[in-house]
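This report describes the fold of a single chain. The sequence and the structure are shown first, and the description follows.

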Amino acid sequence: MIYVDADACPVKDEVERVGTRHGTRIFIVSNGGLRPSQNPLVETVIVPEGPDVADMWIADRATKGDVVITGDIPLASKCVAAGARVLKHNGEALTEANIGNVLATRDLMADLRAADPFRQGGGKPFSKADRSRFLDALEREMQRIKRETK
């Protein structure tokens, strides 16, 4: 299965396209405001309002053999610990080997932002190259899962 942390996710269409090609069930999880897909493989899950409710829904279900699409590092950490494969929107894989460093960097950046209230800006904008890297990474993960489950 593929789980998508859909709030502010720029690659929902790409996930649907790759997941459909592989015949994989897809859960698009959000707090609402999304148009449901007509694709029978795609289930739109609307969770109640509240901090991290969508994240908890995904973390409670994702397991080995699943793919999780998220930019939320704490959610990614929980899913990696559960054995799921995790991809960020730019195609970067979050794994047991790198999730600790990614979490530490996230915490450091949060501390720096808190220490300097005048610090502006965030990450770089999402680009066509990011979208392309994501598509390639998701396709590779789906192929890897198929090979491992044979």
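This is a predicted model: local features need pLDDT of at least 70, side-chain atom pairs count only at pLDDT 80 or more; totals for chains, interfaces and linings use all residues.

Residues are numbered from 1 along each chain as its sequence is written, and side-chain values use heavy atoms, with hydrogens and water left out.

The chain has five helices and six strands, where helices (H or I, at least four residues) and strands (E, at least two) are DSSP runs numbered from the N terminus. Along the sequence the pattern reads β-α-β-β-α-β-α-β-β-α-α.

The six strands form an open sheet in the order 3-2-1-4-5-6, with mixed pairing; two strands pair if DSSP finds at least two bridges between them. Strand 3 and strand 6 each have a single partner strand at the edges, so one side of each lacks a neighbour in the sheet. Strand 4 and strand 5 pair in the parallel sense over three bridges.

| Strand | Residues |
|---|---|
| Strand 3 | 42–46 |
| Strand 4 | 67–69 |
| Strand 5 | 85–87 |
| Strand 6 | 93–94 |

Helix 2 (residues 53–61) lies across strands 1, 2, 3 and 4, and runs at about 165 degrees to strand 1. Axes are lines fitted to C-alpha atoms, for helices over the stretch in contact (heavy atoms within 4.5 Å), and angles run from 0 to 180 degrees between N-to-C directions.

Of the 150 residues of the chain, 37% count as buried, meaning under 20% relative accessible area with a 1.4 Å probe, protein chains only. Among contacts between residues at least 6 apart in sequence, 47% join residues at least 24 apart.

How values were computed. Buried means under 20% relative accessible area, exposed over 50%, partly exposed in between (1.4 Å probe, protein chains only).
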